[in-house]
Amino acid sequence: MTGQKNSASAAIEAETGRATSDWARDLDILDQRYIDDPFSVWQGLRSQCPVAFGERHGRAWMPINYDDIAAIAHDTEHFSSRRIGVIDLPERGDGPLLEAPPITSDPPDHTWARRLLLPAFAPRQIDAMTPITQSLARELVDAVVHQSHADAAKDYAQHIPVQVIAHMLGVPASDEQMFTDWAVRILQEGFEDLENSLDAILEVLDYFGERVEERRHIPVGDRPDDLITMLMEADHDGDPLGERHLLGSCFLLLLAGIDTTWSGIGSSLWHLATHPEDQARLRADPSLIDTAVEEMLRMYSPVNMGREVLSDVHVAGCPMKAGDKVIMAFPAGNRDPAHFERPDEFIIDRAHNRHFAFGSGIHRCLGSNLARMELKVAIQEWLARIPTFELVDPDLVTWTGGQVRGPRTVPVRW
Ligand code: HEM
């Protein structure tokens, strides 16, 4: 795996004159070596120190054991979600630019903000999205199947989640490129160019402000049946949602599902391209798809989140101070040998797989049914039409990291 040196990290190296040589006490999650291969870093930490610490991007702790991460995820008294970035964006004006309920809310507000959204992501709603996802995946395969090569990330994985969530929100699929650019500027390039990321956040909020305004001119009852209308017409204790809440939730629904699922699909196709035995086994026995998807999610969990320490507390003997950041490395917990047998091995029919790719506790992913369906359909439709495939050249594959880890270029041939 290779990647361009991350420029935020490079700037810090230039200032300090060195890249980290001590992952336990001088953690740098933007170091390209960590982005390319976090797995060996976690292996080293496990035998040395299960809670890494660093100050390169503000004081931050990163527990890597499953039980420690789960305990923090469940402890909303000491750990807040009001700063969920693994690295903080600078603030403009007074306080945070963006609230994105429920992901940035703590109880009690979190409880009702989440409840409003739950029905839209229930299994029945997701079943209704399956045929749409299948036909989208088929169209994407149609466009490349007659060639002998494609970029499994750029030509395929990247398009599926954005189009599906656009459909559910009720925004035009023709705006896809703009949505993808926002996801890239906010979640992938955000740590290198914080100002550009803040501008992109404002653009997303303006965009949804316009969509809401359009709907306000349509009488209730005639508005399109989509997530934007649902949020506009929702209430809390009889009051409509405030503008900040409404637009922030739209922002969250657009962004939470794009980069995450794109990364999950991309990693899955990368795995199949680099592990011919798993590809052959899944082709020979398609009934393995459900356990294969869970194992992909465990092995290549894309999402890391942040928490803010609210009051001084010890975790695994480490003194965390109020204001410190905790990096919730769910992907590291998914490789914990205390919870998973042979954790660094891909076992396509793994029977016990209580991974937390989707997090744990009150913020557990609200879109997990949708994400699982998209991953399953994307892999099935690709395997149905694309013959046995492999990487063109492993050195051409690039990965991004930070909040969401996934491959951005996966050139394959068949
Ligand atoms: C493979 C794909 C995905 C992964 C790995 C993933 C992962 C996660 C994780 C780890 C969290 C917990 C955040 C925390 O603890 O702070 C989360 C929350 C959330 N996810 Fe996902 N996600 C995925 C896809 C989606 C999709 C498709 C949607 C749909 C829009 C979505 C919507 C959300 C929302 C709304 C929350 C916040 C829930 C809350 O705060 O109560 N996710 N996700």
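**Close-up views of the model**

**View A. The loop that holds P219.** P219 sits in the loop between helix 10 and helix 11 (227-233). Helices here are DSSP runs of H or I with at least four residues, strands are runs of E with at least two, and both are numbered from the N terminus. The model is predicted: local features need pLDDT of at least 70, side-chain atom pairs count only at pLDDT 80 or more, and totals for chains, interfaces and linings use all residues. Residue numbers start from 1 along each chain as its sequence is written. P219 counts as exposed because it has 6 C-beta neighbours inside 10 Å.

View B. Helix 10 covers residues 194-216. Its 23 residues, at 1.5 Å a residue, should span 33 Å, and the end C-alpha atoms are 33 Å apart, so the two agree. The expected span is 1.5 Å times one less than the number of residues. Which residues of helix 10 are buried? They are S197, A200, I201, V204 and F208. These buried residues pack against helix 9 (176-188) and helix 12.

**View C. The largest nonpolar core.** This core has 104 residues, and L169 and L254 touch the most other members. Such a core is a set of buried Ala, Val, Leu, Ile, Met, Phe, Trp, Tyr and Cys residues joined through C-beta atoms within 7 Å. L254 touches I165, L169, F179 and V204, leaving out residues up to four places away in sequence. Contact means C-beta atoms, placed from the backbone, within 7 Å.

**View D. The shell around the ligand.** There are 27 residues around the ligand, and G257, G359, C365, G367 and A371 come nearest. A residue is near if its C-beta atom, placed from the backbone, lies within 6 Å of the molecule. Helix 12 gives the most to this shell, with seven residues. By type, the shell has 18 nonpolar residues, eight polar and one charged. Ala, Val, Leu, Ile, Met, Phe, Trp, Tyr, Cys and Pro count as nonpolar, Asp, Glu, Lys and Arg as charged, and the others, including Gly, as polar.

**View E. Strand 10 and its partners.** Strand 10 (residues 325-328) is covered on both faces. K325 and I327 are buried on one side, V326 and M328 on the other. Strand 2 (residues 60-63) pairs with strand 10 in the parallel sense over two bridges. Pairing requires at least two bridges found by DSSP. Strand 7 (residues 305-309) runs antiparallel to strand 10, joined by four bridges.

View F. Most residues other than glycine have a negative phi, and most peptide bonds are trans. The bond from P101 to P102 is cis, with omega near 5 degrees. P107 and P108 are also joined by a cis bond, with omega about 5 degrees. P108 lies in the loop between strand 3 and helix 5. A316 is not a glycine, yet its phi is positive, about 50 degrees. R342 has a positive phi too, near 40 degrees. R342 is exposed, with 9 other C-beta atoms within 10 Å.

Notes:
A residue is buried if 20 or more other C-beta atoms lie within 10 Å of its own, exposed if 12 or fewer, and partly exposed in between; C-beta atoms are placed from the backbone. Two residues are in contact if their C-beta atoms, placed from the backbone, lie within 7 Å.
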